[in-house]
Amino acid sequence: ASLELPAACSPGTYANATDDDGDPDCFDCPAGSSCGGGAAPPTECSPGSVTATPGLAKCERCEPGTTSGVGSSACSECAAGTYAANPGQGQCVPCPYPLSSERGAVICSFCQKDFYLLQSADPIEIFSSPTDYCKPCPPNAECSDDTSLATIGVPAGYWRASPSSAVLT
């Protein structure tokens, strides 16, 4: 006598039970999980990867600037002040001090509140040496996120000699 194995489920599905005729009942893999087929149960997507719809065989990596938790069906943009430089990152990383970023950033490329950008440069250079480019806001000045030397806020009662000066008098 030969041993007869039950039919395997195709990729994107999994076997949840065996019906009366001995064949497995195959079900679509749930969103947020991958199913390689056969008799294996669904595997939740790891952080940084998703399956948006049911019935998929493998999880897809999130794009740079986004991330996801375990078993997710969608990627989420990184919050302002964080970034994800690589595809499939399991979490967004806080920007190095004193940099910040917009939502969904792949790099932190501007100065945070209370700092100003001394001179414009390539975002990679700013990211590599943030304290060379981001300087503390001068006394009595106003520096919101993404302030440059030319856009330092000068409150009423103060002035500066030129947009290239950080000195308020």
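# Close-up views of a predicted model

**Figure 1. With -80 degrees about the S-S bond, the link between cysteine 78 and cysteine 92 is left-handed.** The sulfur atoms of this disulfide lie 2.1 Å apart; a disulfide is here a pair of cysteine sulfur atoms within 2.5 Å. Cysteine 78 belongs to the loop between strand S8 (76–77) and strand S9 (82–83), and cysteine 92 to the loop between S9 and strand S10 (93–94), so the pair ties together parts that are 14 residues apart in sequence. Helices (H or I, at least four residues) and strands (E, at least two) are DSSP runs, numbered from the N terminus. Cysteine 78 is buried, at 0% relative accessibility, and cysteine 92 also counts as buried, at 19%. Buried denotes under 20% relative accessible area, exposed over 50%, and partly exposed in between (1.4 Å probe, protein chains only). The model is predicted: local features need pLDDT of at least 70, side-chain atom pairs count only at pLDDT 80 or more, and totals for chains, interfaces and linings use all residues. Residues are numbered from 1 along each chain as its sequence is written, and side-chain values use heavy atoms, with hydrogens and water left out.

**Figure 2. Cysteine 45 and cysteine 59 form a left-handed disulfide, since the torsion about their S-S bond is about -90 degrees.** Cysteine 45 is placed in the loop between strand S4 (43–44) and strand S5 (49–50), whereas cysteine 59 is in the loop between S5 and strand S6 (60–61), so parts 14 residues apart in sequence are tied together by the pair. The two sulfur atoms are 2.1 Å apart. Cysteine 45 is buried, with a relative accessible area of 1%, while cysteine 59 is partly exposed at 21%. A search of the whole structure finds eight disulfides.

**Figure 3. The disulfide of cysteine 137 and cysteine 143 is right-handed, with 80 degrees about the S-S bond.** The S to S distance is 2.1 Å. Both cysteine 137 and cysteine 143 are buried.

**Figure 4. Eleven residues make up the largest nonpolar core.** Its members are Tyr83, Cys95, Leu99, Ala105, Cys108, Cys111, Phe115, Leu117, Ile126, Tyr133 and Cys134. Another core, of seven residues, lies apart from it and has Tyr116, Ala141, Ile152 and Leu168 among its members. A nonpolar core is a set of buried Ala, Val, Leu, Ile, Met, Phe, Trp, Tyr and Cys residues joined through side-chain atoms within 4.5 Å. When neighbours within four places in sequence are left aside, cysteine 95 is in contact with Gly81, Thr82, Tyr83, Ser100, Ser101 and Cys108; contact means heavy atoms within 4.5 Å.

**Figure 5. Threonine 13 is located in strand S1 (residues 13–18).** This residue is buried, with a relative accessible area of 12%. A polar atom of the side chain of threonine 13 lies 2.5 Å from the backbone oxygen of serine 10. Excluding neighbours within four places in sequence, the contacts of threonine 13 are Cys26, Phe27, Asp28, Cys29, Cys35 and Gly37.

**Figure 6. Cysteine 62 occupies the loop between S6 and strand S7 (66–67).** The residue is buried, its relative accessible area being 1%. Residues up to four places away in sequence not being counted, cysteine 62 touches Gly48, Ser49, Val50, Thr67, Ser68, Cys75, Pro87 and Gly88. A separation of 37 Å lies between the C-alpha atoms of cysteine 62 and isoleucine 152, which are 90 residues apart along the chain.

**Figure 7. Tyrosine 97 and proline 98 are joined by a cis peptide bond, with omega about 0 degrees.** Proline 98 lies in the loop between S10 and strand S11 (99–100). Backbone angles of two further residues complete this view. Aspartate 114, in the loop between strand S12 (110–111) and strand S13 (115–117), has a positive phi near 75 degrees although not a glycine. Its relative accessible area of 42% makes aspartate 114 partly exposed. Asparagine 140, in the segment after strand S14 (134–136), is likewise not a glycine and has a positive phi of about 70 degrees. At 45% relative accessibility, asparagine 140 is partly exposed.

Notes. Polar contact = N/O pair within 3.5 Å; in protein donor to acceptor, adjacent residues only side chain to side chain.
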